[in-house]
Amino acid sequence: MAGPLKGIRIIEFAGIGPGPYCGMMLADHGAEVIRIDRPGGFMDPRDPLSRNRTSIALDMKNPDAVAIARDLCKSADGIIEGYRPGVMERLGLGPDVLLADNPRLVYGRMTGWGQYGPYSQAAGHDINYIALSGVLHTVGRAGEKPVPPVNYVGDFGGGGMFLAYGMVTGMLKAARSGQGDVVDAAIVDGTSALMTMIYSRRAMGVWQDERQSNALDGGVPWYGVYECADGGWITIGSLEPQFYDLFLELLGIKDV
């Protein structure tokens, strides 16, 4: 079956992590995604983040290559770029230029800290973004240092997924109004949004800042991970009272 984004064209300026993940999400839903790689760059067929794309190699230091990229963007519904703030502008491919060429364009920008502010030019990685958003503080054992949850929450959840959502909503607006937009997706903002429920519970006085002091972070025996006698592991998620009662009954300890 054709995906819901069939007929949509996206130009993806090659990057790492959240940008390619956004491109993968849009391509998986039917968009035509053309990736602009650096000379010598290629899409590894073993890499799921590169799936469902076509690719061209352009040396963006060459004005002729920049002109080709600009022409591609004239026929696109959206672009994805993950350079540091100001790089696309210096190339002559900033939002003002590309939206003047193509007013319906949705210009997707992926950064860690956003386009403006004191950290905008600072280097960073997933661990830095989720630390300042508060996510990292919630992961790990009580009394021990926080544990980085790989880069699921920052790069992919708060980054690439957030950008994909923003671009789809931007393209929906463009389809209705004929006017494109700039989607400035910062990982630190996306991960903060993922924390909304925890911030909400904290504001209502039902979430403790200490790790393993809450129902969802290993603070109760009926929601956690346990080692089995065979060396494997089992997850228990009996949050609701009726499920916890059934769990105790099946273990034969309900009336103990």
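Here is a short chat about a predicted model, covering its sheet, its cores and a pair of helices.

Visitor: Which strands stand at the edges of the open sheet?

Guide: Start with the order, which is β3-β2-β1-β4-β5-β6, with parallel pairing. An edge strand has a single partner, so one of its sides is left without a neighbour in the sheet. That picks out β3 and β6.

Visitor: How much does the sheet twist, on average, from one strand to the next?

Guide: Picture walking across the six strands of this open sheet. Going from one strand to the next, the twist averages 20 degrees.

Visitor: In β5, which residue is the bridge partner of Ile80?

Guide: Look at β4, residues 78–81, which runs parallel to β5. Four bridges join these two strands. In β5, the residue paired with Ile80 is Gly108.

Visitor: Which element gives the most residues to the largest nonpolar core?

Guide: That core has 26 residues, and Ile10, Cys22 and Leu163 are among those with the most contacts inside it. The elements giving two or more residues are α1, β5, α6, β6 and α7. The top contributor, with six residues, is α1.

Visitor: How many residues does the second, separate core have?

Guide: Its members include Ala69, Leu72, Cys73 and Leu105. The residue count for this second core is 20.

Visitor: Leaving aside neighbours within four places in sequence, which residue is in contact with Cys22, Ile80 and Val183?

Guide: This residue also touches Gly108, Arg109, Met110 and Ala185. The name is Leu163.

Visitor: Which residue in the hairpin of β7 and β8 takes a positive phi?

Guide: β7 and β8 run antiparallel and are joined by five bridges, with Gly224 standing opposite Ile236. There are five residues between the strands. The one with phi near 90 degrees is Gly231.

Conventions:
Residues numbered from 1 in each chain as written. Predicted model: local features only at pLDDT ≥ 70, side-chain atom pairs only at ≥ 80, totals over all residues. Heavy atoms only, no water. Pairing = 2+ DSSP bridges. Core = buried A, V, L, I, M, F, W, Y, C linked by side-chain atoms within 4.5 Å. Buried < 20%, exposed > 50% of the residue type's maximum accessible area, 1.4 Å probe, protein only. Contact = heavy atoms within 4.5 Å. Axes fitted to C-alpha atoms, helices over the stretch in contact; angles between N-to-C directions.
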